[in-house]
Amino acid sequence: MEGLAERSGLSFRGLIYIEHGQRSPSVLTLLDIAAGLDVEPGELVNHIAQEESGKSAPDGSR
């Protein structure tokens, strides 16, 4: 998580709040997180939406 904070330019504590659902990230923050994870923003958003709906990803992973 510390590495993601460094790569995304976000604070470690801010990421923890987002991870635990205590804060909702803005679109710009989601873009920063996606960049830090080296994934396309749509991939990140789709993953979050699938987790919330309890559905598996198209490739069968979660």
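Helices (H or I, at least four residues) and strands (E, at least two) are DSSP runs, numbered from the N terminus. The model is predicted, so local features need pLDDT of at least 70 and side-chain atom pairs count only at pLDDT 80 or more, while totals for chains, interfaces and linings use all residues. Residues are numbered from 1 along each chain as its sequence is written, and side-chain values use heavy atoms, with hydrogens and water left out.

**Whole chain**

Start with a cartoon view. The protein chain has 4 helices and 0 strands, and its elements run α-α-α-α from the N terminus on. Of its 62 residues, 19% count as buried; buried means under 20% relative accessible area, exposed over 50%, and partly exposed in between (1.4 Å probe, protein chains only).

**Ser-8**

Select Ser-8, which lies in helix 1 (residues 2-8). Is Ser-8 buried or exposed? Ser-8 counts as buried because its relative accessibility is 9%. A polar atom of its side chain lies 3.4 Å from the backbone oxygen of Ala-5. Now show what surrounds Ser-8, using contact in the sense of heavy atoms within 4.5 Å. Leaving aside neighbours within four places in sequence, Ser-8 is in contact with Leu-15, Asp-32, Ile-33 and Gly-36.

**The nonpolar core**

Next, select Leu-4, Ala-5, Leu-15, Leu-30, Ile-33, Ala-34 and Leu-44, the 7 residues of the largest nonpolar core. Such a core is a set of buried Ala, Val, Leu, Ile, Met, Phe, Trp, Tyr and Cys residues joined through side-chain atoms within 4.5 Å. Helix 1 and helix 3 are the elements that give two or more residues to this core, and helix 3 gives the most, with 3 residues. Stay on Ile-33: apart from neighbours within four places in sequence, Ile-33 is in contact with Leu-4, Ser-8, Leu-10, Leu-15, Ile-18 and Leu-44.

**Along helix 3**

Select Thr-29, found in helix 3. Thr-29 is buried, because its relative accessible area is 17%. Its side chain is joined to that of Ser-26 by a polar contact of 3.1 Å. A polar contact is a pair of N or O atoms within 3.5 Å; within protein, one must be able to donate a hydrogen and the other to accept it, and residues adjacent in sequence count only if both atoms are side-chain atoms. Not counting residues up to four places away in sequence, Thr-29 touches Leu-10 and Ile-18.

Leu-31 is also in helix 3. Leu-31 is partly exposed, because its relative accessible area is 38%. Draw a C-alpha to C-alpha distance from Leu-31 to Gly-42: they are 11 residues apart in sequence and 9.3 Å apart in space.

**Asp-38**

Move on to Asp-38, in the loop between helix 3 (27-37) and helix 4 (41-53). Asp-38 is exposed, because its relative accessible area is 72%. Its phi is near 60 degrees, a positive value in a residue other than glycine.

**Last stop**

Which residues are the closest to the centre of the largest pocket? Select Ile-18, Glu-19, Leu-30, Leu-44 and Ile-48, the closest to its centre of the 16 residues that line the largest pocket. On a 1 Å grid over the protein atoms alone, a pocket is an open set of points where a 1.4 Å probe fits, with protein on both sides within 12 Å along at least five of seven lines; lining residues have an atom within 4 Å of a point. Helix 4 gives the most to this lining, with 5 residues.
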